[in-house]
Amino acid sequence: MVPDQVLCRAPSDPQISEHKFSSFVDQEKALPKFDQIYRQLTPGCFEGFVKSVDYGTLTLTHEAMNQGLEQQVSVNDGTVAIGFVMGAGHMYDLFKNEVFNGQVAVLPGGHEHVSYVAEKTEFVIASIAREEVPDDMLTGRTLPSEVAKPVGAWIRGLIGMAGSASEAKGLTTMLPELVMDRLSLLFGYPEARVLRNNHHDVVVLKRILEACEELPAEELTVSRLSKHLNMSRTDLRTACQTTTGFRLDEMLTSRRLSDVYRILREGEVGQVNVTQAALDHGFTHFGRFSAAYRQMFGERPSKTLRA
């Protein structure tokens, strides 16, 4: 059992933000104390939600999304994130090589994680200043869902109540201490047995992602990866499907489409050309590109550029 941990008394009025999103590019920027890049991997209009309650040394966040995503995530230096995977979906963390579905994981600041998130996944996150976290919480353990889910649901309820008319008097001031007390109880439990993928497939997937950064965007095809990595197409496809649950051909196309979406979403009319952005990412037939783009994001490329 960890020693009692008491945070400094928080201000009576935390900063509360609550937003709904129709773009993964906008949602990735909404999580306090995180640097993130999202790519949408499943087709359909994106719908997401983020609510955060920020006390300075403690930030509580509830995030939800309806689509499958690739997430490149880094917690800010000086911060420790304790994350609960909730909802109907699950998450695969490549660098921990663990599949999360209801468990809780500790992510110290300064480390990058690449995760593959299924549709209809929710996260409940407690981001805590490093100096406020007992060393016993920094082991990176993963705790079982039967222990973690009730705590995650409890914190989610507190986030939902924050700022509402029904919020109990005094809860705002006491909430950081209540959360730390509840989290400290978690880490008296033994580590969960988690589902891990075949080590060889994990190594291959990491090589695929490295190649995606090394090769020009227009060359991101299975055949080009096969030549670049000197591996068979079958081995590459098997490693991706086994570890992430997504087919490699579809994932590569989704990554390229997401990168075009980001350029259009963040660009300005007159400065960004839709056709050139498509060509730069390997889409040589504009009609097929437009159809694939609309299927993935639920809108025409020109609409994204004007948004």
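Okay, some ground rules. Residues count from 1 along each chain as its sequence is written, and side-chain values use heavy atoms, with hydrogens and water left out. Since the model is predicted, local features need pLDDT of at least 70 and side-chain atom pairs count only at pLDDT 80 or more, while totals for chains, interfaces and linings use all residues.

Let's start with salt bridges, meaning a side-chain nitrogen of Lys or Arg within 4 Å of a carboxyl oxygen of Asp or Glu. How many salt bridges does that rule give? The count is 12.

One of them joins Glu70 and Arg255, at 2.5 Å from N to O. Glu70 sits in strand 5, residues 69-75, and Arg255 in helix 7, residues 248-266, so this pair links distant parts of the chain, 185 residues apart. Helices here are DSSP runs of H or I with at least four residues, strands are runs of E with at least two, and both are numbered from the N terminus.

Are these two buried or exposed? Glu70 counts as buried because its relative accessibility is 1%, and Arg255 is buried too, at 2%. For the cut-offs, buried is under 20% relative accessible area, exposed is over 50%, and partly exposed is in between, using a 1.4 Å probe and protein chains only.

Now, Arg255 also has a salt bridge with Glu213, at 3.6 Å from N to O. Glu213 belongs to helix 4, residues 199-214, and is 42 residues away from Arg255 in helix 7. With 53% relative accessibility, Glu213 counts as exposed. Zooming out, Arg39, Glu70, Glu213, Arg255 and Asp259 are linked in a network of salt bridges.

Here's another pair on helix 7. Arg237 and Asp249 form a salt bridge, with their closest N and O atoms 2.8 Å apart. Arg237 is in helix 6, residues 233-244, and Asp249 is in helix 7, so the pair ties together parts 12 residues apart in sequence. Both partners are partly exposed: Arg237 at 34% and Asp249 at 27%.

Last topic, the backbone. Most residues other than glycine have a negative phi. Which residue has a positive phi of about 60° although it is not a glycine? That's Lys120, in the loop between strand 10 (112-117) and strand 11 (121-129). Lys120 is exposed, at 58%.

Asn230 also has a positive phi, near 55°. Look for Asn230 in the loop between helix 5 (222-229) and helix 6; this residue is exposed, at 71%.
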